[in-house]
Amino acid sequence: MSIVVSHITKNYGQQKALNDVSFSIKSGEIVGFLGPNGAGKSTLMKIICCYLPPTDGSVKVSNLDVMEQSMEVRKKVGYLPEHNPLYLDMYVKEYLEFVGRFYKVKNLSARVKEMVEVTGLTIEQNKKIGQLSKGYRQRVGLAQAIIHDPQVLILDEPTTGLDPNQLIEIRALIKQLGKDKTVMLSTHIMQEVEAICERVIIINHGKIVADDSMERLLKKGQPLEKIFQEFTQ
Ligand code: ADP
Ligand code: MG
């Protein structure tokens, strides 16, 4: 399922957060969306997920317009927000059932059980979300993002704040989930993109400054940090 971003501009009052951004992602691609803090990553992801209207331009997900067909787009897209707004007082399964009902998921309790298994939550499934470590909260975030079996996954800094072991586990999980989905994930860590993605899009000050395959970027023979720095100075 493809994503086509055409000439997206987003102003917050006087400030231009996105300035004429265009690119497209083909069905099944895993794309890393890289940029320094404040570059516009979260803003663009919110627009793709129908959480925020653009000031100008259009986004299509599987040929559906995010502004005109937002209910249809939401069914096809799973979104893990940056500040994962999980309900801390809810139990893991209670929360997943709550999200599943919103999407009108069929055979919900079986689906919740499946999501708990797929995301490695089995041993923590009877806890409240507030009692979970950051790594397990991210697993709950991923579980809610895929409960309606979306073909597109938008993950906003899914590994920020995790310890090294959690990082490896969550990366592996994303890779696994991405096998049959179109995935766009944001990060400011170049190595993360190398571990998970086939393609890299770099944004800086609201503009796309690079869009290339990981393979071609690595062929430059430079350390990844240096490549990132060069594009984002
Ligand atoms: P990133 O996710 O790459 O860190 P954001 O998309 O969150 O960047 O932010 C891009 C720019 O827009 C930043 O300068 C940020 O301060 C600004 N911004 C983000 N959200 C808002 C908002 N709701 N109101 C005003 N400015 C905002
Ligand atoms: Mg952000």
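This is a predicted model: local features need pLDDT of at least 70, side-chain atom pairs count only at pLDDT 80 or more; totals for chains, interfaces and linings use all residues.
Two or more lining residues come from each of the elements β6 (77–80), α3 (92–102) and α5 (134–146), and among the contributors it is α3 that supplies the largest share, namely four residues.

Two of these contributors, the helices α3 and α5, can also be described by their relation to each other. Their axes come within 9 Å and cross at roughly 25 degrees; because angles under 35 degrees count as roughly parallel, α3 is roughly parallel to α5. The crossing of α3 and α5 is right-handed.

The second largest pocket, with a volume of about 220 Å³, has a lining of 14 residues, of which Asn37, Gly38, Ala39, Gly40 and Lys41 lie nearest its centre. Here the elements that give two or more residues to the lining are β2 (15–25) and α1 (41–48).

Four strands form an open sheet in the order β2-β1-β4-β5, with antiparallel pairing. The edge strands are β2 and β5 (64–65), each of which pairs on one side only.

Within this sheet, strand β1 (residues 3–12) is joined to β2 by seven bridges, and the two strands run antiparallel. One of the positions that can be followed along this pairing is Asn11, whose bridge partner in β2 is Lys16. The hairpin of β1 and β2 has two residues between the strands, and in this hairpin Gly13 takes a positive phi near 60 degrees. Strand β1 also pairs with strand β4 (residues 56–61), in the antiparallel sense and over five bridges, and here Ser6 stands opposite Ser58 in β4. Read together, these pairings place β1 between β2 and β4 in the strand order of the sheet, while β2 stands at an edge.

Terms used. Residues are numbered from 1 along each chain as its sequence is written. Chains are lettered from A and ligands numbered from 1 in the order in which they are written. Side-chain values use heavy atoms; hydrogens and water are left out. On a 1 Å grid over the protein atoms alone, a cavity is a set of points where a 1.4 Å probe fits but cannot get out, and a pocket is an open set with protein on both sides within 12 Å along at least five of seven lines; lining residues have an atom within 4 Å of a point. Grid points are joined across faces, edges and corners, and a volume is the space filled by probe spheres set on the points. Two strands pair if DSSP finds at least two bridges between them. Axes are lines fitted to C-alpha atoms, for helices over the stretch in contact, and angles run from 0 to 180 degrees between N-to-C directions. Angles under 35 degrees count as roughly parallel, over 145 as roughly antiparallel, 65 to 115 as roughly perpendicular and the rest as oblique. A crossing is left-handed if the near helix is turned anticlockwise from the far one by less than a right angle, and right-handed if clockwise.
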